[in-house]
There are 2 protein chains.
Amino acid sequence: MQHYLKDNKAQRDQLTLTHFERKAFSAMLNLADGHVRRQPTPGESKVMSNLQSIYEQSLKIDPVELEARLVKEQLAVCGQVKPNEITPLVFFSGSEALGVVGEALAVDCKTAAVVEPTFDNIPHLIYAAGVEVTPFSEELMAKPRELEGIIRKYHSLVITLPNNPSGISISKATLVEIAKLCASHNTALMIDASFRSYSTNKFDFYAVLTGTKDLDWMVLEDTGKLWAANDLKAGILMCSERFFPKASELFHDLILSISPFVLLLLAELAREAGKEAVKEVIAHIQTNRSIVREGLKNSPIFQPDTTDSQLSVERLYYDEKVYPDQRKLLEHLTSKGLALTGSGGYYWAGTKHKVFVRLALARDKSAVERAVAILAKET
Amino acid sequence: MQHYLKDNKAQRDQLTLTHFERKAFSAMLNLADGHVRRQPTPGESKVMSNLQSIYEQSLKIDPVELEARLVKEQLAVCGQVKPNEITPLVFFSGSEALGVVGEALAVDCKTAAVVEPTFDNIPHLIYAAGVEVTPFSEELMAKPRELEGIIRKYHSLVITLPNNPSGISISKATLVEIAKLCASHNTALMIDASFRSYSTNKFDFYAVLTGTKDLDWMVLEDTGKLWAANDLKAGILMCSERFFPKASELFHDLILSISPFVLLLLAELAREAGKEAVKEVIAHIQTNRSIVREGLKNSPIFQPDTTDSQLSVERLYYDEKVYPDQRKLLEHLTSKGLALTGSGGYYWAGTKHKVFVRLALARDKSAVERAVAILAKET
C-alpha cells in the first residue's frame with residue numbers, strides 16, 4: 001500500500017500547495033494563496049501609512065519588550081488572554097513555528113492524528129520531524145465521542161481552528177470535551193489557530209487548555225492571515241511545560257528576535273486598528289464572498305459553497321466527471337489568467353472527497369470580480 | 001565520555017549564545033549579538049529614509065522576481081556571481097536556512113566535521129537534524145593537506161568563511177584545494193558565508209565550487225550582518241543538485257516568500273548603497289576596532305586582539321586564572337551595564353582554548369566608547 005507522504009518523495013516540492021501558490025505569483029490574477037493581498041482598510045491605513053515613524057521608534061525599544069507587546073495586543077484582538085505562566089515564542093512565520101511544533105512533538109510523540117483536509121505543510125512539517133501522521137476527517141472535530149477513538153490511538157492530536165479551507169470551527173463546550181479526552185488518554189493537543197481572527201466564535205482557547213488538568217498542549221497563532229502588511233508577519237507559539245524545553249531550545253538556535261520593526265508594526269496594527277479593523281476586514285471578505293456566490297450562481301460548472309464560513313477563502317465545487325484531473329483544470333484556468341489552488345492539496349493524505357477549487361478572498365474587490373468573470377465564462 | 005552536544009540537553013537553550021544575546025537586549029550597553037545596531041551610513045540612509053515608498057513599490061512586483069533581484073544585487077556587492085543553473089532559496093534568516101542545511105545533509109550524510117570555534121547554532125541545527133557533528137580546529141582551514149585527514153573521515157565538511165569570531169578566511173587557491181579534496185573523497189562541502197561582506201579577499205566562491213568536478217556543496221549567504229536595517233534581512237541558500245530536492249521540499253513547506261517589502265528593501269540597499277556603503281560600513285567597524293584596541297592597550301585585565309580581522313566583532317583575551325568561570329565574568333560585566341558574549345559559546349564542543357570575551361562592533365561609536373570605558377576600569 002502506498003503511504004500518502006512517503007511514496008511521493010521525489011519532487012514532492014513540486015506537488016505542494018506552496019508550489020502552486022508560488023507559480024501563481026506570475027499569473028494575471030493571483031487568487032491562489034491565503035496571504036493578504038488587498039488595499040488596507042481605513043483602520044489598517046492609519047498604521048500602514050506610518051512606516052518610517054514606526055521604524056524609527058522600533059530602533060529604541062528592547063525587542064523582548066516588543067515581543068510581549070505584540071503577543072498581548074494580537075491575542076486581545078482575537079479575544080484571547082495569554083496565560084501568566086506561559087512564555088510565548090515569536091517566530092518569523094507560522095510555518096517556521098510549525099517546524100518547531102513538529103520537533104517538539106517528536107521528542108516523545110511517535111504518532112500524530114492530523115485533521116484532513118488542512119493546509120498540507122502541517123502534516124508535512126510534523127512528518128519531516130519524524131512523527132508518523134495519520135489523517136482523520138475534520139467532521140470529527142465537532143463529535144468528541146467519535147473522536148475519542150482517534151485520541152485513544154495516537155500520541156497527539158493536531159487540529160486547525162477554524163480549519164482551512166472549510167472554515168469549520170467548534171464551540172467552547174466541544175473544545176473543553178476534546179481537551180479532557182486528550183488529557184485522560186495522555187494525548188497531546190496541538191491547535192493551529194492561524195485563521196482565528198476570521199472566526200465568529202472567539203472564546204479564549206487558553207482558558208480552556210490551561211483549565212484542563214494534565215493536558216499537554218501547543219497553540220500556534222499567526223498574524224499573517226489578517227493584516228494587509230505585505231507579509232510582514234509573525235508566528236507565535238505557546239505550549240505547556242512538556243513541550244517548552246525543546247521548543248525553546250530550537251527557538252534559541254533559530255532566532256535572536258524577528259525584526260523589532262515588524263514586532264512594533266504588528267503590535268500597532270492590533271492596538272490602533274484593533275477590533276474595528278478586524279470587523280472591516282471580515283466585512284470586506286464577506287463582500288467578496290457575495291460577489292463569488294452571486295456571480296457564479298448560474299455557472300454550469302462551478303457550485304459555490306453554501307456554508308456560513310467566515311474564512312478568507314471560498315470553495316467552488318465542480319463535477320469530477322467533467323474534470324477528472326484537477327491539475328489540468330487549474331492549468332486551464334491559469335491559461336485564462338487566473339491562479340487558484342485545488343482541493344487535492346488540502347486532502348493531503350489523498351482521501352476521496354467532493355472536489356473543489358479554492359479562491360482566496362483577501363484580495364481587492366476588483367480582483368475578485370475579474371476572477372468571477374473568468375470563471376463565469378466556463379461552460 | 002561526555003558528548004559535547006548530547007549531555008547538556010536539559011535547558012540547553014539557557015546555554016546558547018543566543019540566550020546570552022537575548023538577555024543582553026535589556027542591558028544598558030548591548031555589545032553582545034553580531035546583528036547590526038548602529039546608525040545607517042550615508043549610503044544606507046538614502047534607502048532607509050525611504051521606507052514608505054519602497055513598501056508601496058513592493059506591493060506591485062512579483063515576489064519571485066524580487067527574490068531574483070535581491071540575490072543578484074546582494075551577491076554583486078560581495079563579488080559573487082550566481083551560477084546560471086542554480087535556483088537560490090530565500091529564507092527569513094540565515095538560521096532558518098541553516099536548519100534546512102541540516103535536514104538536507106541528513107538525507108545521506110551521517111556525519112559532519114564542523115569548524116570550531118564558530119557560532120554555536122551551526123553545529124546545533126545540523127545535529128538537531130540527525131547528523132553527528134565532530135569539531136575540527138579553524139586553523140586547519142588554511143592547511144588543506146592536514147585537513148584531508150578530516151575530509152576523508154566524514155561525510156561532510158562545514159566551514160564558516162570568514163569565521164566568527166576570529167575573522168579567519170582562506171585564499172582562493174586554498175578553497176580550490178579543499179573543494180578538490182572534498183570531491184575526491186565524496187565529502188560534501190558546506191560554507192556559511194554570513195560575514196562574507198566584511199572579508200577583504202572577496203573572490204567568487206561559486207566559480208570555485210561549480211568549477212570543481214563532482215563536488216556536492218551548499219553555501220549560505222546572509223544580508224543580516226551587513227546592513228543597518230533593524231533585522232529586516234534574508235538568508236540565501238544555494239546548493240548543488242544532490243542537496244536541492246530536500247532543500248526545495250523544505251523551502252516549500254516553510255515559505256511562500258518572505259515579505260516582498262523586505263526583498264525590495266534589501267535589493268535596494270545592495271543596489272543603491274552598494275559597494276560604497278560596504279566600504280563605509282567596514283571603515284566604521286575599523287574605527288570602532290581602533291577605539292577598543294587603543295582604549296584597552298593598558299588594561300591589566302583585557303588584551304585586545306592583534307590580528308587584522310575585518311569582521312564586525314572584536315575579541316578581548318583575559319587570564320583564565322583570574323576569571324576561571326567565564327559566566328561569572330560576563331555576569332559581572334552585565335552588572336556594570338555591559339553585555340558581551342564569551343568564547344565558551346563559540347567553542348561549542350568545549351575544546352580548551354585561549355579564553356576571550358567578544359564585543360560586537362556593528363554599533364554606534366559612542367556605544368563602543370562607553371563599553372571601552374567600562375572595560376578599562378576593570379583592574
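## Close-up views of a two-chain predicted model

**Figure 1. Relation of the two copies.** The model is predicted: local features need pLDDT of at least 70, side-chain atom pairs count only at pLDDT 80 or more, and totals for chains, interfaces and linings use all residues. Residues are numbered from 1 along each chain as its sequence is written, chains are lettered from A and ligands numbered from 1 in the order in which they are written, and side-chain values use heavy atoms, with hydrogens and water left out.

**Figure 2. Chain A as a whole.** Chain A has 14 helices and 13 strands (DSSP runs numbered from the N terminus; helices are H or I of at least four residues, strands E of at least two). Its radius of gyration is 20 Å, close to the 21 Å that the globule rule gives for 379 residues, so chain A is as compact as a globular protein of that length. The radius is taken over C-alpha atoms, and the rule is 2.2 Å times the number of residues to the power 0.38. The C-alpha trace of chain A spans about 60 × 55 × 40 Å along its principal axes.

**Figure 3. The interface of chain B and chain A.** Each chain is represented in the contact (heavy atoms within 4.5 Å), with 53 residues from chain B and 53 residues from chain A. The copies meet through the same surface, because 100% of the interface residues of chain B are also interface residues in chain A. Between them the chains bury about 4700 Å², 57% of it on carbon and sulfur atoms; buried area is the accessible area (1.4 Å probe) that two parts lose on being put together, summed over both. In chain B, Arg22(B), Asp253(B) and Leu256(B) lose the most area to chain A, together 17% of what that side buries.

**Figure 4. Charged pairs.** The rule finds two salt bridges across the interface of chain B and chain A, a salt bridge being a side-chain nitrogen of Lys or Arg within 4 Å of a carboxyl oxygen of Asp or Glu. Arg22(A) forms a salt bridge with Glu67(B), with the closest N and O atoms 2.8 Å apart. Within chain A, Lys279(A) and Glu276(A) form a salt bridge at 3.5 Å between the closest N and O atoms. Both residues lie in helix H11 (residues 260-295) of chain A, three residues apart, about one turn of the helix.

**Figure 5. Surroundings of His353(A).** His353(A) is in the loop between helix H13 (343-346) and strand S13 (356-360) of chain A. Apart from neighbours within four places in sequence, His353(A) is in contact with Glu320(A), Ser343(A), Gly344(A) and Tyr347(A). Its side chain makes a polar contact with the side chain of Ser343(A) (2.8 Å). A polar contact is a pair of N or O atoms within 3.5 Å; within protein, one must be able to donate a hydrogen and the other to accept it, and residues adjacent in sequence count only if both atoms are side-chain atoms.

**Figure 6. Backbone geometry in loops.** A cis peptide bond with omega of about 10° joins Asn164(A) and Pro165(A). Pro165(A) lies in the loop between strand S5 (156-160) and helix H8 (172-184) of chain A.
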